Amino acid sequence: MTNSGNSLSVDVLVIGWGKGGKTLAAALAGLGQKVAMVEQFASMHGGTCINIGCVPTKTLVHDAQERREDDDAASYWARAVQRRDTLIGTLRDVNHHLLADLDTVTLVDGRARFVGERTVEVCGGEDRLTVTAPTVVVNTGAVPSRPDLPGIDSPRVHDSTSLQHADPFPRRLAVVGAGPIGLEFASMFAGFGAEVTVLNRRPCLLPAEDEEVAAEVQSVLEGDGITVLHEADLRGVEDGAEEALLRLEVAGRSRDLAVDAVLLATGRRPATDGLGLEAAGIDVDERGAIVVDEHLRTSAHGVFALGDVHGGAQQTYLSLDDHRIVLSQLTGDGSRSTSDRVAVPTTTFLTPPLAAVGLTETEAREQGRDVLVATQKVAAIKAMPRPKTLGDPRGLVKIVVDADTDEILGARLFHVDAQEVINLIALAMRTGTTATQLRDGIWTHPSSTEALNETLGKLAPVE
């Protein structure tokens, strides 16, 4: 690499220390290429998932599940936050050294802005550094969307990052939004002992899911003391000395709700503001997401985009797969693409977790498929003792199968260990393993996987 005064020239410039970017940087550095990693905040070394996303929130979810009824909510929350911070500090340090210890990697702290084709200016305080490279990777992720409403800047109003350090513990929490983030935090804070109200703009929960799945999720949430208000819109926030008063419209009627804190879980948008993409000829769509092709190439030659910044599903493992696609372009045969992705699973970490892959029954029938469906409440599955041994036999299992081919079309798992079992079903879908083979599989005991033996034995035609 060359470094002349306030300029730096490398083989590959990565903007943003996310999952895809850091993994790609390490792989290319291992091949001897000179790499510059630019990250705006030292506290984000390792990316969103490590620092403010998946890992810290799931650490808090675990501790919420472990809380006993006689634990004081505020003190227990403080200990959980301390454990979260200790763990994340360790992981951030590991991720820092993942790149810092490589001789061909230069770490640059500061905010990057394109000033030309494959050229960025990095600003850190009053310092300026110009970095150029024949290959540039944008991996800046996404940021919370914030509605423009009266009082929305109240210190009692949080996003999913700031709420992880809420002080004092909010004994009354309103969650605005019923997507994965909103429901995860609602379930988590209810576990910590908060009185939680979810504001759902739609007339029902999880409208993309089959009716019985959505109904079971709502039943479990309400069983944990969570109130779900449907057709609910936040109109404004009035901040008082002791509480915040939310001005709501619920099913067409005005209503007020007093809470200690508010979580805005109203979505995340690609973090492209201020990147100067126009100077590099990089196109964005109407949401600000960088437009890419199936090989993650942008409209600018030599520039790729990884992870949440190019829109679509916002999942760490997709960002990881993005790095494989770009690595294939840079060092392989270039054949790998986003079209290779099939049966990608998801999990919403409620208590218990809700995991999904493939088609719902409704979607399969709309495609004209002749389907077999098996649905069982977890508590009624005789060959699934593990949730009972853990004291949480709530939820259900639903699997949709093609009646003609025995192909698994989709599954919804709402139970203990669902985040693990869904991976097995996704693998079966990718490899052509049939429903019969899963039904007749030999699984460890006691495990949640055993549900497949019994549930798949109950497949029946849809009436």
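Start with Ala 244: its bridge partner in β17 is Val 259. This is a predicted model, so keep that in mind throughout. Strand β16, residues 244-250, is joined to β17 by seven bridges, and the two run antiparallel. Now step back to the sheet. It is open, has three strands, and runs in the order β15-β16-β17 with antiparallel pairing. β15 (232-239) and β17 (253-259) are the edge strands, each pairing on one side only. On average, neighbouring strands are turned by 25° against each other, direction ignored.

Next, salt bridges. How many salt bridges does the count give? It comes to 34.

Take Arg 156 and Asp 239. Their closest N and O atoms are 3.0 Å apart. Arg 156 sits in the loop between β10 and β11, and Asp 239 in strand β15, so the pair ties together parts 83 residues apart in sequence. Arg 156 counts as buried, at 18% relative accessibility. Asp 239 is partly exposed at 41%.

Arg 341 is in the loop between α8 and β21, and Asp 321 is in helix α8, 20 residues apart. Asp 321 is buried, with a relative accessible area of 9%. Arg 341, at 24%, is partly exposed.

Arg 386 is partly exposed at 28%.

Last, a network. Salt bridges link Asp 210, Glu 212, Glu 361, Arg 365 and Lys 398.

Terms used
Residues are numbered from 1 along each chain as its sequence is written. This is a predicted model: local features need pLDDT of at least 70, side-chain atom pairs count only at pLDDT 80 or more; totals for chains, interfaces and linings use all residues. Side-chain values use heavy atoms; hydrogens and water are left out. Two strands pair if DSSP finds at least two bridges between them. Helices (H or I, at least four residues) and strands (E, at least two) are DSSP runs, numbered from the N terminus. Axes are lines fitted to C-alpha atoms, for helices over the stretch in contact, and angles run from 0 to 180 degrees between N-to-C directions. A salt bridge is a side-chain nitrogen of Lys or Arg within 4 Å of a carboxyl oxygen of Asp or Glu. Buried means under 20% relative accessible area, exposed over 50%, partly exposed in between (1.4 Å probe, protein chains only).
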